[in-house]
Each structure stands twice: as structure tokens, then as C-alpha cells.
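Please keep the structure in view while reading.

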Amino acid sequence: MVSYINHPLIKENSIESRLYQQILAGDVLKNGNTMVVAPTALGKTIVAILVAADRLYKVKNSKVLVLAPSKPLAIQHEASFKEFLTLPCTSITGAVKTDDRVKRWEESRIICATPQTVESDLLNGRYDLSSVSLVVFDECHHGVGSYSYVYLASRYVQESKFNLILGLTASPGSDKAKIKEVCQNLYIQSIVVKTEDDSDVKPYFNPVEIDWVRVKMSKELEKIKTHIDKALKIRLKALKNMGVIKTVAVGKVDILKARSRIQGEIARTTNPDKDLFQAISILSAVINIQHAQELIETQGVSTFNRYVARLRKKNTKAAKSLMWDDNFSRAMKLAKEAEKHGWEHPKLRELTKILKKELGSLDGQTKLQSTRFTDKEDESSSKIIVFTQYRDTLEMIHQKLEKEGIKSAKFFGQATKDGEKGLTQKQQKAIIKSFRMGEYDVLLSTSVAEEGIDIPAVDLVILYEPVPSEVRMIQRRGRTGRKRTGRVKVLITNGTRDEGYYWSSVNKEISMKNQLIDPDVLEELNATALLRMENEKKVRVIEKPKKENDFPIVYADSREGNSKVIRHLTEMEIDVKVQSMAVADYQVSDEVAIERKTAKDFVDSIIDKRLFKQARELSEEFKKPVLILEGDDLYGGMVNANAIRGSIASIALDFGISIIPTRNAQDTAAMIKRIAIREQNGERTPVQIRTDKKPVSLLEQQLFIVESLPNIGPVNAKNLLEHFGSVANIINASEKELQEVEGIGNKTAENIRKVIDSKYLYFKKEIKEKKLL
């Protein structure tokens, strides 16, 4: 007979009494900040609900904050807490308006939210965490680097008088340093591990059977790979002869390290040797070839061909060298012929065979008709997810299954890649709903469905290729076995990197389990967490003035909301006001505004021509403009060091902008604070924030139009206007006439005429697409 948990805040007969869940919850309440590591479907959410019920009951009028890395997962948690607890529960995500978020926070006792949204609200002073008695960090392995979990944990420890932190994950990682970083960032004192092998878990756990399906590369693919291998070997030998690498037996990581080292040498030299630039070009080509190798070995010819098509469009020496390479050209020719004849990777044939066998016992058409018009999930039908790394492979599999009469749905992320628009959240939800209702036999997904998407009752997960990450393997595996025995099939190509990835994930998972039960690691974590929390409390109690008006004030642009700089400013006794600003990232007085650029952003803004436009606006709007240049890897990219130096000189001399270097985000925050203190001199006088730019003059508009032409910067734009007298004359000038202007060469003139004279094809394309629809 089933027994249920009795608690004043838990709905009657709603949570089954499982001893291991109660013990886990008890450990959290007894030991303090805890990370619970347990397989998916073991009921980690129930543990969180039990802990939340206890805290809400004992800490009167307190709140519980449940954080999840995605909107669907946050909403899923809201549904779970509403199902089991009697107190008001809500969700806060970016989709909810600001005023509604504040209202929901004030009126609810349990708030399920995305961390970025809560962080933004805290930085804007909409509410605080002082009344929160428990914070749950779901998928807590995200708590590294600059992810919002890190800031929120620190803010919570500072603001709450009765804090308790619960981290939930199925896979914190195999690296000891990574596990320690997560635990330190989230103030974890204790780690509790539950596995499917534990005696108290076994009665409730559905086992997952893993089947490694091996396939042999076809002769056609072997021929293509042979030519790619030759192209790679030639370049690796050249790099070895140049002293760039010690051996030709190198992997991706070795090549990336070598490229970084060479880029550093170029940056440190005022007149770099030409061999260094040649080495960079060869290293870039090697990276491209290694990726092409992987696609042929693990994906197939159509995925390889799409990658080659993108390479053709690149205007780099590395890409061009591959197009001219005899071996690589032969590989491309053979791959085209193979796709034309339908000679795909053997994995595709094996996958189709598996799916047909799995779905063969069901009459697909009857299943569709019986479920298409119902809102209830079809639990009688078999549900299958196929994971693959690449969208190109996803498309290839989808087309194959459609030809075979297998109804499949493509599921991928929101980002636009190579011109293909991503799926909106609304579209993602519609696809998942259709899959749940049985309208599709198979869900084809990239890594986006690994976590945070509610896909219940999946019977079979198929991995088109193994992944070297133990975290991702565990997440994918966790998609099955929730309601009955689960199954996983992993396709592996013999003698390829598929095998290496398989063993990598297996060994990392073993290492992860060993790290989690290491008593020395646990003891160290406990001591570190206690020390950090004590330090945070000292900062809150001793150092901070009682009145916020005593703080210097800094206005920050809303686009800086996700930067670590604002976080550090709030920790430095600074009154930060986040709002929309037309010019600059930070403003500390009517005269002083600060534009902050990381080293990478500075170089990128040179390439896309934002830098001088922003500099002009900054110098025109403010009497004392400042540029903070953050980071020490300014010369680590592919842009010539002299071009970077020239840009810095122009910013300082042509625009009169002070340039201040900083090491990192924390150093930047400290510098902004110092500037604010110096400028405000202890007085909080009103600051006029530039929410609109000054009216643009006719000359500025003319310069803007000319600067938008290819390879035209501020200097060349000015020269062109002075020579031709108007924008119209520039547009009407021939290539020969354009070359009469200083700084305009043959190639630049040709590109300008090409942009001006080429037909606008988008409208025709749009009409064609509409007709197809």
C-alpha cells in the first residue's frame, strides 16, 4: 500500500513517501548548503519541494527562490510546486513585464525564475533577497565563470539573514577543478550523491539499457578520407619543419594552442617575421581540415559538402589554399559524386533500420489518426529522440526519414546559423506538444533538448555520434527511463574519433563519481564555503554604510546588464542605476562618460567599423570622454598589431578620448568607482543622462553613408567627399575615377562599384519563398 508524506504545507496524498528522498531533504536541512547529485528522473525536484516546505513553515513569511537555466524549465518547476504545495507560487522570466514581475515577487511565497531575469531585477533595485529562506539552483553545474548563478549566490549570502542553498544536478563534471569552482561559487558545504545502484533507490528507478551500435565506414567514405588525410599530413609536416609543432601526431587542442602561441609572438613583435603569418594561415587550414575529417568520419557526405560550401565563401588565405589543394579538391569531387548517388554514411542506413524496427509493430497512420485531435499525451505509443551534433546532419536525417515514411520533427535552438533561422520558443513548444501527442514518430534534436525541455516518457534515445563530454552524455541518457525501462543506442564508426569520444565520456564519468565521494575534497569544500560566507557577512554588517545615499552613483546602460562589471560595482558600495543610454556604457557626471570595451570587442569594432563612429559620438556628447580598454590579449587576434596601435592613437589624438587599461571586469569596476568618487567629490548632484543623441549634422550623415561602402573608413570617406564634392558624385564615379583619390586602390574601387551596381535580389527571393509556401 502506498503511503504519502504529511506536512502542513504539502497537499494531502500528493507526494509518495520515499525514504531516500526524505533522507536527502533531511541531509540538506541538517548539513546546510548542499549539492544533490542524482540521475535524472530520481525525483530531485521532490527533494527541493520537501526542503522548501520545511523552510517556508519554519521561517515565517519567507520566500523560496527556484532558479532554472531556461524559461521552459522554470515554468515546469512552477507547475510542480503548484501541484504539491499549498502556498502561492509563480514564475518570473524575461517574457513577463517588469511591473508584473515585481507584483508576482511581492504576492508569492515560491518564485520559479530564470537567473538572468532575477539578476536584472536585483541590479535595478526592483526587489531584494532579504526575505528568501532557500534558493534552489537547478542544473547547478552552470554555476561557473560569469553565469548569473555565481552573482545571485553571492548576493543571496550577503542579503539574507537565514540563507540555505540547494544545488541540483545529474552531472557536475569530471574535472576536480570544475567541481570545486561550482561548489565555491555556490557556497556548497556538502555533496550528497545518489546512484541507481543504491539499495534504497533501486525499487523506484527504471534502468537504462545502453547499446553501442558499431558501423564500418564505406569504401566511398574511406577514399574521401584518404585525400583529406593527405592534405592534412602535408600541412602538419610543414608546421613541424617550421618548428611550430614537435610532432605530426597532434589533435585539435594542440593546434589551437600552437595558433594562440604564434598570435602572441606576432603581437609582441613590432615587425613580425613573414613566416609567423604563414604559420597562422597553415594552422587555420589545419583546423578546417580536422573539422572536415570529423564530418566525414562521423556524419556523412552531405554534412561535409555543406561545410565545404561555407568554406568556399570565406575570403581567407587558409580557405583559398584548401580550394586550390589537389588532395582536398579530389575529396570534394568524390563527396559530391557520393551525395549524387546517395552514398551516405553507413550510420544513416543503420539509424533508419533501427527506427523501422522500433516503429514496425505500430500502425503509424492509425496512431496519428487516433491522437491528432486530442490534448492528452499518447502514452501507448513509442517515443524516440535522435540526438546529433550538427544542424546539417539533422536536415540530412530528416529528409531520409521523410522518404522512408517515418514522420519526424526537427528540433534545434533559437540562434540563426548560416542563414537558417532558429526556432522561436513558441515554435519549440508547438513541436514538443505535437511530439507528445503522437503526431511525430521521432524527434530529431541538436543539443538544445539535452536539458531544460519537458519531454516525458521517451522510450528510446539514439545518439548519432558519441560526445566526449560526460555531462552531455548523462543529460542525453536522462531523457529516457522516466516512466518505464529506458534504452539508449549510440552509433559508433569503427576506427574513427567516435571511439575516442566514447571512451572519453566513459572515463570522465568514472572520474566524476570518484571526485564526488573523495572525503578530502568534501572537507576542503566545507571549510572554503564557511570561510567565504563569514567574509560575505562581515562585508554586509561592518563595511557597508547604513544609508545608500552615502554611495557614489554610477549610471549604467541597460545593454551592460549582463556584464560582470555591474555586479562588481554593486559589491563595491556603489549606487548603480541601470537605464537606457544613447551614448556610452557608464556615466558618472554631466561631463564624464565611459565607454568600456574588452580587448576582443575593441578589435571587432575596428573590423566592423563601429569604433570610430562610437568615438565620434562620445567626444561630441561629453566634455571628458573615457575609454576603458579591458584585458591583456589585445594583440592575440588576427588583426595586424599596427592597425590596433593606429586605432588607439586615433582615439586618443583625433577624438581626444582618454584611454585607461584595466585587467578584468573587477578592475574595470574599481576604476569606474574611483572615477565616480573623484568626479562627484562626495556630492550626489543630479546627472543629466543622454537618452537621445544630439541631432546628426549634414556632414555626419554624408560621412556615415560613404563609410558604409566596402573598405572605407573615416579618413578615406573624408578624402572621397573632398575630392568629389558630394555623395552623388562618389556613387556615379567610375573605378578609374575612384582610384584617383588617395587611399583608394584597384580592389577597393572594384568592390565599391560592385556594391553600387549589383542588383537587389532579396525581393525576388522573398516572392519565390512566398510562392513556395
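## Strand β11 and its partners

In this predicted model, Ile385 has Leu443 of strand β11 as its bridge partner, and the strands β9 (residues 384-387) and β11 are paired in the parallel sense over four bridges. Strand β10 (residues 408-411) also runs parallel to β11, to which it is joined by four bridges, and here the bridge partner of Lys410 is Leu444.

Are the residues on the two faces of β11 buried or exposed? Val442 and Leu444 lie on one side of this strand, Leu443 and Ser445 lie on the other, and all of them are buried, which leaves both faces covered. In a regular strand, side chains alternate between the two faces of the sheet.

## Nonpolar cores

The largest nonpolar core contains 52 residues, and those with the most contacts inside it are Leu65, Leu67, Phe137, Leu569 and Tyr586. Helix α6 (residues 148-159) contributes the most to this core, giving six residues. Apart from it lies another core, made up of 40 residues, including Ile266, Leu276, Ile296 and Ala319.

If neighbours within four places in sequence are set aside, Leu569 is in contact with Val554, Ile574, Val576, Tyr586, Ala669, Ile672 and Lys673.

## The chain as a whole

The protein chain has 31 helices and 19 strands, and 51% of its 773 residues are buried. Of the contacts between residues at least 6 apart in sequence, 73% join residues at least 24 apart. The chain exposes about 38100 Å², of which carbon and sulfur atoms supply 50%.

Methods
Residues are numbered from 1 along each chain as its sequence is written. This is a predicted model: local features need pLDDT of at least 70, side-chain atom pairs count only at pLDDT 80 or more; totals for chains, interfaces and linings use all residues. Side-chain values use heavy atoms; hydrogens and water are left out. A nonpolar core is a set of buried Ala, Val, Leu, Ile, Met, Phe, Trp, Tyr and Cys residues joined through side-chain atoms within 4.5 Å. Buried means under 20% relative accessible area, exposed over 50%, partly exposed in between (1.4 Å probe, protein chains only). Contact means heavy atoms within 4.5 Å. Accessible areas come from the Shrake-Rupley method with a 1.4 Å probe; for residues, only the protein chains shown count as cover. Two strands pair if DSSP finds at least two bridges between them.
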